[in-house]
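We will go from stop to stop, and at each one you will find something to select and something to look at.

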Amino acid sequence: MPVLERSGPLQSGLCQVEWIHTVCEGSEPFGGPSVDVELPDSLSERQVEEAVSLLVARHEVLRTTFAQDASGQAVQRVWQPERVRLHPSDDSLRAPFRIEKEWPIRAAVTQQGDGHRELTLVMAHIAIDAWSMDVMLRELRTILDALACGELPELPPVVHHPVDQARLERSERMRAVRARNLRFWEEEFRHLPSGPFAVPVIPPEVGYHHVHLDSWALGPALTRIGRRLSVPSAFLAAVALAVSAVSGQDRVAFATAWSSRASRPTRQMMGSVTRDLVLAVGVPRDGRFQDLAAAAMHASLRAARRSDCDVLELLEAEARAGRHRGARTHPGVFVNFHYHAEAEGADGDGGSSPDLAPLLTRGRTERTHLPPVPFEDGPHLLYMSAAPGPEGRPQVFLSANDAVLDADGALALMLRVERILVRFADDPDLASAEFLPDRGARDGVHGVRDAGWVTIDGSWADLRLIETALREHPGVTAARAFTDDDGSLRAAVTAEGPDTDAFALRRFLLNKVGPRHALVVPDRFLINGEPAETGSGSGSGSGSGSKPSSARFARPAPGREQALHDAVIRAGGLEAVSMHEGYVEAGGRLAAVPKVLELLARQGLTGLRFDDFRLPCDLSALAARLRSQGSPPRERPRR
């Protein structure tokens, strides 16, 4: 019978998102990572079990379960060490983890075709991040080698674990730091560009182009670059330049993973504390690439200094910004760099400085196309990463949304990033303009950018999409969207009847904003020729009017609205909420969403997902998505 050692709250990081998705949707949003480690021939299976058991005993997170406490909040329970038994090497090895009951690690020994054996470890994503994988592999190899020699492994003690991290984060000093950081991100999200690609509407189901590049030139190129400046920053800058070249945007935003391990004890800790930070990098046409890389490094450090935040509170800040701006707030572009320039095989120039360009032809690419899946289950437009590959060479991976890039466009973007870095390794004064000669070209990029598109805060907005959305309002007979001299977005509307004031029209459009649409809600409205304020500004913060008195507080209608209204109040301990506000705007906390869904389920109502509560739409629009259990799914736009 397992014995509980200690328990505590969940630390900040992507583990919070993993946990809440698992509770709300029934499974982790991402498949757990796995690794294969070649075993010494002399080790018996019992010794392999001993090696894994030693690793699990060292790191609390590998013997932790994740559940809910009585109030519905996340709690991690650490169990006393026990011997880990090998798992059968069948399909059950990679089955979803039951994180509330099961330790987040499985181990199996598999016999390979050439006669050697491998230890396969499969982990639950909630327990481990990329940094932790490095710690685990380094320590596991030390343990295996020691046992193969009949010795005990010598490893320094682990003094900091995820439960300790969670308690530290809740200290008085850290609460003040995190509050300051959250205020920084509140302001940052209001001005970050999003939607770099001019695609008006992404289909409900999309495929993905996957490209793998085994680069012979990139390893020595990154080694040379690392002698001058930060290699990850150069990689981020190269991606920004390549995206700018195909999107036509002068300012590119993307999310990148940050390890969040500032102190020495946390660097030895296994656990999921990584979080995604959103950066924006300006791409001037007439500058040096080195200056662009320096700007990327400055943006990374600026964001990293403010990274100590509760991730769910960070998502709430993003949701508030989306409601304020009247636009999607996340760019949908992810860049992760997990390659060390000092990795084995990285420095291929042997201390000399040959021209690296000929090595570009030795690179091997592999392309695959994933069949269409619901966009809400794979919400990225572009994902690019670099990690060690064969013989230590960089393995670059790109996943491109089929609605944004076709197969040739995805390959071209990846090769452009490689060429930028190789050219920069040979020429520190490389001009960015060398890779922007065809900035207006659209080769491999879907959508046609014409006079109907305008740039708002560094994002493409489709004026026709705004006009079409407004004309769907039953009281609107005509609509025209345009930008004025100061760059503000406006809409001239001919309308009559109820709910046709500026505040109501803004609400109507907010209910249509989502990750699939290049829709931006206008700053101001002209209604029947008369200026009208919306009561809430967009990214520029220009709106200054007040809400009509009838709209300041909207009571719920009987039925689904009343059920959602009551669930939000009860789960969040709120006194009252208006159905004309967004969930977060009304005071709802994302940590309380599992409780909201539980209360709705008790009344036989389903149909909402966790991510729905992050949308800028009204609570009344969320209520319209609810359906009774047993009834067919309600048709609703997929995100």
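A polar contact here is a pair of N or O atoms within 3.5 Å; within protein, one must be able to donate a hydrogen and the other to accept it, and residues adjacent in sequence count only if both atoms are side-chain atoms. Before you use that, note that this is a predicted model, where local features need pLDDT of at least 70 and side-chain atom pairs count only at pLDDT 80 or more, while totals for chains, interfaces and linings use all residues. Residues are numbered from 1 along each chain as its sequence is written, and side-chain values use heavy atoms, with hydrogens and water left out.

**Stop 1: Thr110**

Select Thr110, which sits in strand β5; strands (E, at least two residues) and helices (H or I, at least four) are DSSP runs, numbered from the N terminus. Show its side chain together with that of Gln112, and you will find a polar contact of 2.9 Å between them. Is Thr110 buried or exposed? With a relative accessible area of 19%, Thr110 is buried (buried means under 20%, exposed over 50%, partly exposed in between, with a 1.4 Å probe and protein chains only). Leaving out residues up to four places away in sequence, Thr110 touches Ser89, His116, Arg117, Glu118 and Thr120, where contact means heavy atoms within 4.5 Å.

**Stop 2: helix α2**

Next, select residues 45-58, helix α2. Colour its buried residues: Val48, Glu49, Ala51, Val52, Ser53, Leu55, Val56 and Arg58. What do they pack against? Their neighbours are β5 (105-111), β6 (117-123) and α3 (130-148).

**Stop 3: salt bridges across the chain**

The structure holds 35 salt bridges, each a side-chain nitrogen of Lys or Arg within 4 Å of a carboxyl oxygen of Asp or Glu. Start with Glu60 and Arg6, whose closest N and O atoms are 2.9 Å apart. Glu60 is in the loop between α2 and β3 (64-68), and Arg6 is in strand β1 (residues 4-9), 54 residues apart. Both Glu60 and Arg6 are buried.

Move on to Arg302 and Glu188, which meet in a salt bridge of 2.8 Å, N to O. Arg302 lies in helix α9 (residues 289-305) and Glu188 in helix α5 (residues 172-189), so the pair ties together parts 114 residues apart in sequence. Arg302 is partly exposed at 34% relative accessibility, whereas Glu188 is buried at 18%.

Now pick Glu585 and Arg323, with closest N and O atoms 2.8 Å apart in their salt bridge. Glu585 lies in the loop between α15 (560-572) and α16 (593-602) and Arg323 in helix α10 (residues 311-325), so this pair ties together parts 262 residues apart in sequence.

**Stop 4: a hairpin**

Finish at β14 (residues 453-456) and β15 (residues 459-462), which pair in the antiparallel sense over four bridges; strands pair if DSSP finds at least two bridges between them. Trp453 has Asp462 in β15 as its bridge partner. Two residues separate the strands of this hairpin, and Asp457 in the turn has a positive phi of about 50°.

How values were computed:
Expected span 1.5 Å × (residues − 1).
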